[in-house]
Amino acid sequence: AGGLRARALRGGAAGARGQANGETADNGHQLCNRRGYILEAALAIETQGASATQGWFRVLPGSCVTLLEGAAAGERYFLHVRTPAFYGEQSELGEVSRMFCVREGDFLLAGAGRCNEEGGTLAAFGEVGGEQRISKLTEARDMDAASARITAIQRLLALSGFAPGEEEGKAGKGTSAALDAFARARGEPRFAGKAIIDGTEGQGADEALFSALYEAASTAMQDAGLTLCNATAEAMMAAVATQGGKAVTSRGWYAVAPGSCKKVIARPLDEGPVWLRAEAVDAEGNTLVSDGRPLIWGGEKALCTKASQFAITESDDCAASGGKKAGFFRVEPAGAGGVTVRLSPENRQSDENSR
């Protein structure tokens, strides 16, 4: 693990705007967050077959973080990026190159390819480095640093019970009033609307605001959503599908360690139907077989999936998008907008729709 030389450069409003016009990573690798979400990153380094991982580096919306300074000969670098659990189905982001071990809370793990650490789980990492000096994560609608920051504040306020009630990315009277209410509830005048929107309180206030919103959203979403428990001796990868209006969107994959539980949807489940699919996998992500049958929990709802991370709307052409149909089973909430699903070898379900 001594080969890891990662460090986080905390970036609030002022720092993010200063980097936005000309991100550079001449001496390492930089991750720039142009999404309306707080992001959490983990770094893996592999040298001559030995690997280690380190995390989590929090990347604030609109900011850039240097995760790697310099590069040594013979080393390969991999990055895993996720949204915090309270966002629910946003999940992990990016392409999959390898599976390495991560753990909740701050960690530095040696032997990360084996994942023998207590509380560790295999997660999907994408390779970075070489000619690629900057990884910039964006949304479907292109955001600059300022709009990513405002959008993230609005989404966190809504999760915390202070919904602005106006268009995302544009801070008007609704966002200002929501910030004022949040500031009063927390006893923090520096979080008041005008100061935060204008950025007059500076980088420290921005970091403090996102920390406070992070805590508030985590608390508000604690009892809501879908929690998946892996009651097998193998690593599990899961995908979920939710309905918004007439459209059903499938998302994956979520890694769930053996004998552990993970919240895969954070919002209340009273907004529409929810479906779930899970597969027990080896270290390379291949589906395992037990008693001559794949360790798959599927169902009759045929939806699109991909081998890498994905978010696909049902109306999209699955084959044209590089995906394939797979079977999902419907989850019924137990009440109060939340449910826990326990999957074991005994209750695996048919997967006739996988094709």
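## Ground rules

Residue numbers start from 1 along each chain as its sequence is written, and side-chain values use heavy atoms, with hydrogens and water left out. Since the model is predicted, local features need pLDDT of at least 70 and side-chain atom pairs count only at pLDDT 80 or more, while totals for chains, interfaces and linings use all residues.

Helices (H or I, at least four residues) and strands (E, at least two) are DSSP runs, numbered from the N terminus.

## Helix H2

Among the buried ones are Arg149, Gln154 and Arg155, along with Ile150, Ile153 and Leu156.

Asp144 caps the N-terminal end, with a side-chain oxygen 3.3 Å from the backbone nitrogen of Ala146. Just after the helix, Gly161 takes a positive phi of about 95°.

## Strand S15

All eight residues of S15 (residues 274–281) are buried, so this strand is largely enclosed by the rest of the structure. Val274, Leu276, Ala278 and Ala280 point one way, while Trp275, Arg277, Glu279 and Val281 point the other.

S15 pairs with several strands (pairing takes at least two DSSP bridges). Strand S12 (residues 235–244) runs antiparallel to S15 and is joined by eight bridges, with Met237 opposite Glu279. Strand S21 (residues 324–331) is also antiparallel, over three bridges, and there Phe329 stands opposite Leu276. Two bridges tie S15 to strand S18 (residues 296–297), again antiparallel, and Ala278 has Trp297 as its bridge partner.

Two peptide bonds are worth a click. Gly55 to Trp56 is cis, with omega near -5°, and Trp56 lies in strand S3 (residues 50–59). Gly252 and Trp253 are joined by a cis bond with omega about 0°, and Trp253 is in strand S13 (residues 247–256).

Then there are the positive phi values away from glycine. Gln48 has a phi of about 50° in the loop between S2 (39–47) and S3, and Gln48 is exposed at 80% relative accessible area. Cys115 has a phi of about 60° in the loop between S8 (107–110) and S9 (121–128), but Cys115 is buried at 17%.

Technical notes
Buried means under 20% relative accessible area, exposed over 50%, partly exposed in between (1.4 Å probe, protein chains only). A polar contact is a pair of N or O atoms within 3.5 Å; within protein, one must be able to donate a hydrogen and the other to accept it, and residues adjacent in sequence count only if both atoms are side-chain atoms.
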